[in-house]
Amino acid sequence: MARPKIALIGAGQIGGTLAHLAAIKELGDIVLFDISDGVPQGKALDIAESGPSEKFDAHLKGTTSYEDIAGADVCIVTAGVPRKPGMSRDDLLGINLKVMKSVGEGIAAHAPDAFVICITNPLDAMVWALREFSGLPHQKVVGMAGVLDSARFRHFLSLEFDVSMRDVTAFVLGGHGDTMVPLARYSTVAGIPLPDLVKMGWTTQDKLDEIIQRTRDGGAEIVGLLKTGSAFYAPATSAIEMAESYLKDQRRLLPCAAWCDGEFGLKGMYVGVPTIIGANGIEKVVDIKLGKDEQAMFDKSVDAVKGLVDACKGIDDSLS
Ligand code: APR
């Protein structure tokens with residue numbers, strides 16, 4: 001049986017890391033696409049040359065031509081510009097919206113059956129625009145945010161409790177931005193919910209609040225340290241987890257920016273919610289009941305995403 005084909009649209013920091021991870025994990029053959037001639041070809045060759053040591057057989061190809069993504073099973077989109085210090089994800093909107101138009105058209109023309117994972121920011125608005133421009137089914141177009149946000153939350157919690165990250169689970173909902181909603185009562189250490197751990201004296205509510213804020217600011221913390229770009233190792237790893245769930249029909253329950261039409265009381269919009277990813281893409285949005293305070297935080301996040309989508313419609317008439 002032929003290996004699956006994975007197209008990476010954008011061969012920058014995240015795109016290159018995605019290619020390396022996908023090759024090491026033998027998820028399939030990889031095409032790196034970028035508009036910057038030489039970059040995708042150079043990265044593809046460099047990663048291919050790590051094959052003998054890593055012992056993978058995946059083929060890698062770098063290209064500036066959309067024809068080369070033909071028939072891709074998965075497309076992961078990082079094309080666009082990343083943040084610089086002092087910029088919010090939302091500041092990227094105008095530039096990256098134009099990029100989503102060309103990428104959406106490229107995917108529609110050459111890989112209309114792919115499962116598409118968008119990483120480009122501002123995430124919730126860009127995944128919506130990418131779906132609109134590509135015209136692909138909603139369950140095949142999804143945004144990567146919640147897996148990364150909850151990985152950051154899990155990492156910070158493991159430091160606080162001094163336990164393995166493997167035993168920490170976390171739940172983050174809402175938009176990928178300052179209004180994201182980390183849900184403490186659904187986040188656990190080996191099944192013990194965080195509020196119980198506060199009662200047991202393992203941590204304090206103040207410390208928990210600090211960790212939640214650090215999670216919300218997780219992307220900005222890295223931008224502030226790097227100064228010339230934004231996070232790429234953990235974002236790439238998170239998207240690979242989603243791609244693997246699709247390619248291997250794992251039916252992982254992962255938080256993603258997914259299309260909600262009825263779920264969570266929403267009428268047709270993309271926002272971060274728990275989903276099941278299997279062979280058909282987003283197989284299900286898991287519609288959990290929120291408490292009063294959680295609902296208020298979620299509503300605020302939803303409003304922020306709606307504001308960004310409206311801004312997109314204001315920039316590009318074809319989206320209205
Ligand atoms: N088509 C294809 N590639 C494009 C296009 C386009 N229209 N426009 C820009 N690119 C390419 C750039 O040439 C660059 O190689 O996208 C790549 C982006 O890579 P980086 O600048 O290294 O950015 P990266 O850190 O990978 O982040 C990409 O993901 O997390 C988000 O906020 C981040 O929006 C940013 C995106």
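Biologist: What should I know before we start?

Modeller: This is a predicted model: local features need pLDDT of at least 70, side-chain atom pairs count only at pLDDT 80 or more, and totals for chains, interfaces and linings use all residues. Residues are numbered from 1 along each chain as its sequence is written.

Biologist: How are helices and strands named?

Modeller: Both are DSSP runs, numbered from the N terminus: helices are H or I with at least four residues, strands are E with at least two.

Biologist: Now the ligand. How many residues surround the ligand?

Modeller: A residue is near a molecule if its C-beta atom, placed from the backbone, lies within 6 Å of it. Here 29 residues surround the ligand. The closest are Gly12, Gln13, Ile14, Ala79 and Asn121.

Biologist: Which helix gives the most to the shell around the ligand?

Modeller: That is α4, with four residues. Both α1 (13-24) and α4 (93-110) supply at least two residues each.

Biologist: How does the shell around the ligand divide by class?

Modeller: Start with the classes. Ala, Val, Leu, Ile, Met, Phe, Trp, Tyr, Cys and Pro count as nonpolar; Asp, Glu, Lys and Arg count as charged; the others, Gly among them, count as polar. The shell has 14 nonpolar, 13 polar and two charged residues.

Biologist: How do I describe two packed helices?

Modeller: Two packed helices are described by the angle between their axes and the distance between the axes. Axes are lines fitted to C-alpha atoms, for helices over the stretch in contact, and angles run from 0 to 180 degrees between N-to-C directions. Angles under 35 degrees count as roughly parallel, over 145 as roughly antiparallel, 65 to 115 as roughly perpendicular and the rest as oblique.

Biologist: At what angle do the axes of α1 and α2 cross?

Modeller: They cross at roughly 30° and come within 10 Å; α2 covers residues 39-48. So α1 and α2 are roughly parallel to each other. Their crossing is right-handed. A crossing is right-handed if the near helix is turned clockwise from the far one by less than a right angle, and left-handed if anticlockwise.

Biologist: Which residues of α1 and α2 meet?

Modeller: Two residues are in contact if their C-beta atoms, placed from the backbone, lie within 7 Å. Gly16, Ala19, His20 and Ala23 in α1 meet Lys43, Ala44 and Ile47 in α2. By class, this contact has four nonpolar, two polar and one charged residue.

Biologist: What about α1 and α10: how do their axes cross?

Modeller: Helix α10 is residues 233-247; its axis comes within 9 Å of the α1 axis, and they cross at roughly 50°. The two helices are therefore oblique to each other. From α1, Ile14, Thr17, Leu18, Leu21 and Ala22 meet Tyr233, Pro235, Ala236, Thr237, Ala239 and Ile240 of α10. That contact divides into nine nonpolar, two polar and no charged residues.

Biologist: Which peptide bond is cis here?

Modeller: The bond from Asn121 to Pro122 is cis, with omega near -5°. Pro122 lies in the loop between β5 (115-118) and α5 (123-134).

Biologist: Where is Glu26 found, and what is its phi?

Modeller: Glu26 is in the loop between α1 and β2 (29-33). Its phi is near 50°, a positive value in a residue other than glycine. Ala190 also has a positive phi, near 45°. Ala190 sits in the loop between β10 (188-189) and β11 (192-193).

Biologist: Why does Ala190 count as exposed?

Modeller: Count the other C-beta atoms, placed from the backbone, within 10 Å of a residue's own: 20 or more is buried, 12 or fewer is exposed, and in between is partly exposed. Ala190 has 11 such neighbours, so it counts as exposed. Glu26 has 14, so it counts as partly exposed.

Biologist: Is Pro274 buried or exposed?

Modeller: Pro274 is buried, because 22 other C-beta atoms lie within 10 Å. Pro274 belongs to strand β13 (residues 267-278). Not counting residues up to four places away in sequence, Pro274 touches Leu253, Pro255, Val286 and Ile288.
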